[in-house]
Amino acid sequence: MAILVDRKTRVLVQGITGKIGSFQTQLMIEYGTDVVAGVTPGKGGQLIHGIPVFDSVQQAVKNTKPDVSICFVPGPYACDAAMEAIDAGLRLVVVLAEAVPLSDAVKMVAFASKHDAFLLGPDTAGAISPGKAKLGVHPHRLFIEGRIGIVSRSGALSYETAKVLTENGLGESTVVGIGGGPVWGFTHRDALRMFRDDPDTELVVLLGEIGGYVEEEAAEYLRNGYPKPVITLIVGKAAPPGQKMGHAGAIIQQGRGTAQDKIAALKQAGAIVANSPREIPLLIRKVM
Amino acid sequence: MRLYEYQAKRIFQKYGIAIPYGRVAKSAEEIVEAAHQLKRPLVLKAQVLAGGRGLAGGVKFAQDSDDVAKIGSEVFDQAIGIEKPAAVLVEEKLAVIQELYAGVTWDYQRKCAVLIGSSRGGVDIETVTKEHPEDVVKQNVDPFLGFSAYQARTIAGMIGLKSQSLNQYANALAALWKVFQQSDAELVEANPLGLQDSGMVALDAKIVLDDRSIFRQTALLSQIEELSPQTSSGFEYRRSRAKKLGIPTYIEMPQGNLAIIADGAGSGMLTFDMVTDQGGKTRVYCEMGGEITPELMERTMMAALSVEGVNVLLVNLIGGLNRMDEMAIGITNYLSKNPSKTPIVVRMSGTRQEEGRKTLAAAGITFFDDLDKAVGEAVKSGRRI
């Protein structure tokens, strides 16, 4: 099973003809992802890596019936592209663009929830179900198939964690990046909900960082009881307050959003706290 | 991107919000000159981007008999944290009946903009929220329906304003909304917003622009003058240089000896934490963001290695979108042009790592696969020197 993406997921790539879109599409196909169509307005009719390109999402949907879209469209145009995909009926849209204007990010996420669609991102690495398929830009050699679900704000922190797990013979069902914030569509809580119902996931690793609200929201969700062990690592403990640490959402303001607060909330909700990726496999061995 | 107070005030004024009479001075002489043109008492305010200005001595008053030249140079020379003021704003000090708060920002959890008002101005709105939550009132602005003036009047009424003041406050808040929306801001606030018999006046002004919207704010940016730092060697100089070099995140700590460059935010913060856990002290932290070119890698190394006190550089690369073959080219290019005596510890994993590692090896640069080992090595070599 896995969550969000597997071998059967039919994937549409928006922005497939760009340098990054084209390169990453090739990597997704090589990994086994079923990419069925691409969209670049004005380039309809072309083939990229053997995949038909359409002028609009609507045309692509009509002809190739994709389930989800992954959007490589740059920040300034990402809102429009995501709304087009949602309007065309897709219920999961992955937005990778990092530099999405705040007002656009709010708008696209609000539009998605209005249409009961999931928007993963913006500023996300996407999702990968190791050994099955990937809907993102993960360096897939670092991942192996297994029974651990990972949800992370940062893509790179999930790569780091998966790398350490792989070195210890452990693998993942699905690894989800929710994005750098401060606006998120899909959150840790959504991932926890899906992992709970996924028979392939035995344990969840929740990776968080300073700033924002998603870890606190996840803690609130876990407090009501969760059937699988949750191990958490929060980074940014040493970060100076008032500074954006690379992600727009990673900032301690007026003492709020510290790593210490998030760790305390998650611990109280029953999560097991790790201090570094290295500790995670050791903690997993104790509970799995 | 935060604007200086005087820049924000000029924008407020364009939108019809009253501000005190004042002048911006960029030298001790200009401060005296400005004081001559204004009515005393005066308030002298350091123009810095850091918070905590008042507590750090960045705001001083000059009564009739006070020596403005002396007070002015005190304010101008006083660093706020590690930041020296770029200028001093000299203003006429106004008597007000009450200090109020008016602001607009985002509620990321609710996915909408929010108008915020309070009868308690002059203090951080977060502090008021904590201590007197009943005195902070909010109205959400629907992302699709937009703002309506009654929302500003609702807030004015809820913070206890009546008759003329109610409308004056509502107009000021509506103007702040316009600033917020038209400048694509992250935060716009007048705190305090002074209540006078003649109307509202913004005694302080804060605008934080959204860095990711700046591409569509060229008209606004062209009105904002670029301030040059006082010296060409200090922190303000290096910060503005980092910005010009296109380094998305550049943070300096006052003490430390280790420079960190990372290609991901989460892995960068992890590196920072691990360095700290192992007893290392970070002097400068650079994060390069999502789409990184070899040239950006090169420029970031230059910026990090030229910070005084740095005796070791730790580069942590674990790229997905970011390609290791390209990063290796950036690193080797930099080092062939600028042979460095400072030890450089590179950790390289991720997309196209074989190609990248081959390039590094050919240039005689050692690299690590394991982050723990790379951090250990960097902290150790920093101590050896």
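A: Ser163(B) belongs to helix α6 (residues 163-182) of chain B; helices (H or I, at least four residues) and strands (E, at least two) are DSSP runs numbered from the N terminus. The model is predicted, so local features need pLDDT of at least 70 and side-chain atom pairs pLDDT 80 or more, whereas totals for chains, interfaces and linings use all residues. Residues are numbered from 1 along each chain as its sequence is written, with chains lettered from A and ligands numbered from 1 in the order written.

Phi of Ser163(B) is near 40°, which is positive although the residue is not a glycine. Ser163(B) counts as exposed, because there are 7 C-beta neighbours inside 10 Å. The cut-offs are 20 or more other C-beta atoms within 10 Å for buried, 12 or fewer for exposed, and partly exposed in between, with C-beta atoms placed from the backbone.

Leu4(A) also has a positive phi without being a glycine, with a value near 65°. Leu4(A) is located in the segment that precedes β1 (10-14) of chain A.

In chain A, the bond from Gly181(A) to Pro182(A) is cis, with omega near 5°. Pro182(A) occupies the loop that runs between β11 (172-177) and α6 of chain A. In chain B, the cis bond links Arg40(B) to Pro41(B), and omega is near 0°. Pro41(B) is in the loop between α2 (28-37) and β2 (42-47) of chain B.

Chain B is divided into domain 1 (21-92), domain 2 (98-223) and domain 3 (235-384); such bounds come from an automatic or database domain assignment. Between domain 1 of chain B and domain 3 of chain B, the C-alpha centres are 39 Å apart. Each of these two domains contributes 4 residues to their contact, where two residues are in contact if their C-beta atoms, placed from the backbone, lie within 7 Å. On the domain 1 side of chain B there are 2 nonpolar, no polar and 2 charged residues. Here Ala, Val, Leu, Ile, Met, Phe, Trp, Tyr, Cys and Pro are nonpolar, Asp, Glu, Lys and Arg charged, and the others, Gly among them, polar.

Helix α11 (residues 324-337) of chain B has buried residues, among them Met327(B), Ile329(B), Ile331(B) and Tyr334(B). Their cover includes α10 (294-305), β14 (312-319), β15 (344-350) and α12 (353-362) of chain B.

Chain A is divided into domain 1 (10-120) and domain 2 (138-287). The centres of these two domains of chain A, taken over C-alpha atoms, are separated by 26 Å. Domain 1 of chain A gives 9 residues to the contact and domain 2 of chain A gives 5. On the domain 1 side, α4 and β7 (118-120) of chain A each supply two or more residues. The largest share, 5 residues, comes from α4(A). By class, this side has 9 nonpolar, no polar and no charged residues.

Helix α4(A) also packs against another helix. Helix α3 (residues 75-87) of chain A and helix α4 (residues 102-114) of chain A meet at an angle of about 5°, and their axes are 9 Å apart. The axes are lines fitted to C-alpha atoms over the stretch in contact, and angles run from 0 to 180 degrees between N-to-C directions. The contact includes Ala78(A), Cys79(A) and Met83(A) of α3(A), and Met108(A) and Phe111(A) of α4(A). By class it has 8 nonpolar, no polar and 2 charged residues.

Helix α6 (residues 188-196) of chain A and helix α7 (residues 214-223) of chain A pack at about 35°, with axes 8 Å apart. His188(A), Arg189(A) and Leu192(A) in α6(A) face residues of α7(A) that include Val214(A), Ala218(A) and Tyr221(A).

Finally, the two chains touch, with 49 residues from chain A and 43 residues from chain B in the contact. Elements giving two or more residues to the chain A side are α3, α4, α5 (155-167) and β12 (203-209) of chain A. That side divides into 26 nonpolar, 14 polar and 9 charged residues. Val137(A) lies in the loop between β9 (133-136) and β10 (145-152) of chain A. Val137(A) is buried, with 27 other C-beta atoms within 10 Å. Leaving aside residues up to four places away in sequence, Val137(A) touches residues including Leu96(A), Gly320(B) and Leu321(B).
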